[in-house]
Amino acid sequence: MSSPARFRALRIHNDADGYRAALEEMSADELTPGEVLVKTAFSSINYKDALAGTGKGKILRRHPLNGGIDAAGYVAASTDPAFREGDAVLCTGCGLSETRDGGYGEYVKLESQWAIPLPAGLTLRESMILGTAGFTAALAVFQLIRNGQTPDMGPIVVTGATGGVGMLAIDILTRAGFEAQAITGKADQFDFLIGLGATQCIARKELYWGQRPLEAAHWGGAIDNVGGDMLSGLTRVIRPYGAIATCGNAGGAELATTVMPFILRGLSVLGVASTGTARPIRDEIWQRLAGDWKPQHLETIATGNVTLDELGGVFETMLGGDSFGRKLVTVG
């Protein structure tokens, strides 16, 4: 397997001509350095990809770069003997579309320290239905369990439940033996979420947290994809010694709370930073996702498939709040 002289990629620029993302032709020599050259088969679309592709968020730390924080495909060439031509590999985060070229190109170079051999039990396509969203959801569950969360402490509520992370979190929590409940702004999707395993769905507009530092405790813990007022409200309603795994800020970056949930109920707020997760934990999470935590509804959660040519329109839809489920990108 060898790379062509030229191939296509969604390249993002920010220079004297302004911020822009467009399909361009480039060569493998122009890619950011990496030991493993991969012929990309699939990528995915995450909220960060939409921010990066439109310039509505400061995601890229250098320009130009190819977009796409996820990539999966086959090794075309490698200077690291641990990877051979034809090996199936994946990578999520780890600087893709931040400091190095990402997965929205027909080829990508990966650093071997972050290239994950495709685990048995997953196809390349499934790995990108999961992508950063699935890895983040599984890492949130991992963090909760590592902090001492157990199913008998009560249900785990998932906010932003109709997004990719939210849907996958519900499925993974159920696989891990927890009861999952859902909060969403899309009340018309309650049946869909129940089909994924949620035992109860709450419409976001019907939430009233109360104003006291502590309110009646409803849930054993939470996975919060929203931030802002949602996260602030959750701190007041989690049962004693439960935890909130926080992994999003679509609803705001501020956190308004008091010390009371922490010193009177022993609440823990756990950060979920998926992009820089250490390799041993990264490997463990992917093994779980290919095994006992593999979501049962991946094909249901994959609500769309696009090509490189169709990315721009999907970015705008996602940022407008109309996105639903996971969008797979077929590259090769």
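Contact here means heavy atoms within 4.5 Å. Helices (H or I, at least four residues) and strands (E, at least two) are DSSP runs, numbered from the N terminus. The model is predicted, so to speak of a local feature takes pLDDT of at least 70, side-chain atom pairs count only at pLDDT 80 or more, and totals for chains, interfaces and linings use all residues. Residues are numbered from 1 along each chain as its sequence is written, and side-chain values use heavy atoms, with hydrogens and water left out.

**Exercise 1. Work out how α2 and α3 sit against each other, and which residues touch.**

Step 1: Two packed helices are described by the angle between their axes and the distance between the axes. Axes are lines fitted to C-alpha atoms, for helices over the stretch in contact, and angles run from 0 to 180 degrees between N-to-C directions.

Step 2: For α2 (residues 124-146) and α3 (residues 164-175), the angle is about 55° and the axes are 8 Å apart. That makes α2 oblique to α3. (Under 35 degrees counts as roughly parallel, over 145 as roughly antiparallel, 65 to 115 as roughly perpendicular, and the rest as oblique.)

Step 3: The crossing of α2 and α3 is right-handed. (Right-handed means the near helix is turned clockwise from the far one by less than a right angle; anticlockwise is left-handed.)

Step 4: On the α2 side, look for Ile129, Leu130, Ala133, Gly134, Thr136, Ala137, Ala138 and Val141; they meet Gly164, Val165, Leu168, Ala169, Ile172 and Leu173 of α3. Sorted by class, this contact has 11 nonpolar, three polar and no charged residues. (Ala, Val, Leu, Ile, Met, Phe, Trp, Tyr, Cys and Pro count as nonpolar, Asp, Glu, Lys and Arg as charged, and the others, Gly among them, as polar.)

**Exercise 2. Now do α2 with α7.**

Step 1: α7 covers residues 279-290, and packs with α2 at about 110°, axes 9 Å apart. The two helices are therefore roughly perpendicular to each other.

Step 2: Pick out the touching residues, including Phe135 and Phe142 of α2 and Trp286 of α7. The classes come to nine nonpolar, three polar and three charged residues.

**Exercise 3. Describe the packing of α1 and α9.**

Step 1: α1 (residues 47-54) and α9 (residues 311-319) make an angle of about 115°, with axes 9 Å apart. Their crossing is left-handed.

Step 2: Among the residues that meet are Tyr47 and Leu51 in α1, and Phe315 and Met318 in α9. The contact has six nonpolar, two polar and two charged residues.

**Exercise 4. Find the largest pocket and say what lines it.**

Step 1: On a 1 Å grid over the protein atoms alone, a pocket is an open set of points with protein on both sides within 12 Å along at least five of seven lines; in a cavity, a 1.4 Å probe fits but cannot get out, and lining residues have an atom within 4 Å of a point.

Step 2: The largest pocket's volume is about 1,200 Å³. (Grid points are joined across faces, edges and corners, and a volume is the space filled by probe spheres set on the points.)

Step 3: Its lining has 39 residues, with Tyr47, Val165, Asn225, Gly248 and Ala250 nearest the centre. α1, α2, α3 and α9 each give two or more residues to this lining. By class, it has 13 nonpolar, 21 polar and five charged residues.
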